[in-house]
Amino acid sequence: MSRQVIQEALRHFMERPGNALKAHGGMRIWDEPLVAFADAEDFMFERLREPAVGMPGFRPPGEWLPGAKTVISYFLPFSEEVRSSNYRPGLPSPEWCSARIDGEAFNDSLRRFLVTHLEGLGYQAVAPALAQEYTVRDLSSNWSERHVAFAAGLGTFGLSRSLITQRGSAGRFGSVVTDLEMEATPRPFITHYSHCPWLDRGECGACVDRCPSGAITTEGKDKEACRRYIDDVVKPMFEPRYGCAKCQTEVPCETRIP
């Protein structure tokens, strides 16, 4: 099976009615996805368990699906309308909060669709983020969509800990593990931060100024400070929909590799 078959199936799925915000005039949530493929036995998945990475509970693909051959990873870029709504400083826009929550619901539907699509073709597949075994403890999960996307060659990490892809960092990731064997996508970068001007060569740092919580500094990101801001400031104002991601909008890595 060619990569194009998978890519085309995902592209068609994006035209479904769920890819829109009814509360905001039918605003489109996601643009066309980027798709990449990783060998399920790639050494990078074992490296994610190393102490330096800080994901000791990470489960490699074979623990989600015995006999796994490939991890299909994709990036969903937010539409220009959603992104631009979040440009103003301070609190996130209502449109962004809706897109963050309703868009992730659509992402879950996309995960399920891809699993069903592969099963219909005679293969086994599982979406770890939807599996009963999926857990999040102390802000660390046993399957990280961003780290899996890095392993698949979709991008590298930035100062804000977002993953910067060819289409930027303003979006969400998803993945499916399958026993369909596909050719792996090359990782076209030298280090895990090659796409970030600040981490690569000490330039930019725009996400520091954009962060309303002060969680991002030139030294990195304080995940706990970010969580407190979301829980204590944003959630009470916007529940049940909430988000922030000021660090992903109105910055050079919003829609491209700087």
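**Contacts, burial and cysteines in a predicted chain**

Visitor: What share of the protein chain's contacts with a separation of 6 or more comes from residues 24 or more positions apart?

Guide: A contact here means heavy atoms within 4.5 Å. Among the contacts in the protein chain with a separation of 6 or more, residues 24 or more positions apart account for 75%.

Visitor: What kind of model is this?

Guide: Local features need pLDDT of at least 70, side-chain atom pairs count only at pLDDT 80 or more, totals for chains, interfaces and linings use all residues, and the model is predicted. Residues are numbered from 1 along each chain as its sequence is written, and side-chain values use heavy atoms, without hydrogens and water.

Visitor: How many disulfides does the structure hold?

Guide: A disulfide is a pair of cysteine sulfur atoms within 2.5 Å. The sulfur of Cys-196 has its closest cysteine sulfur in Cys-207, 6.5 Å away, which is too far for a bond. For Cys-211 the closest is in Cys-226, also at 6.5 Å and too far for a bond. The count of disulfides in the structure is 0.

Visitor: Is Cys-211 buried or exposed?

Guide: Buried means under 20% relative accessible area, exposed over 50%, and partly exposed in between, with a 1.4 Å probe and protein chains only. The relative accessible area of Cys-211 is 15%, so Cys-211 is buried.
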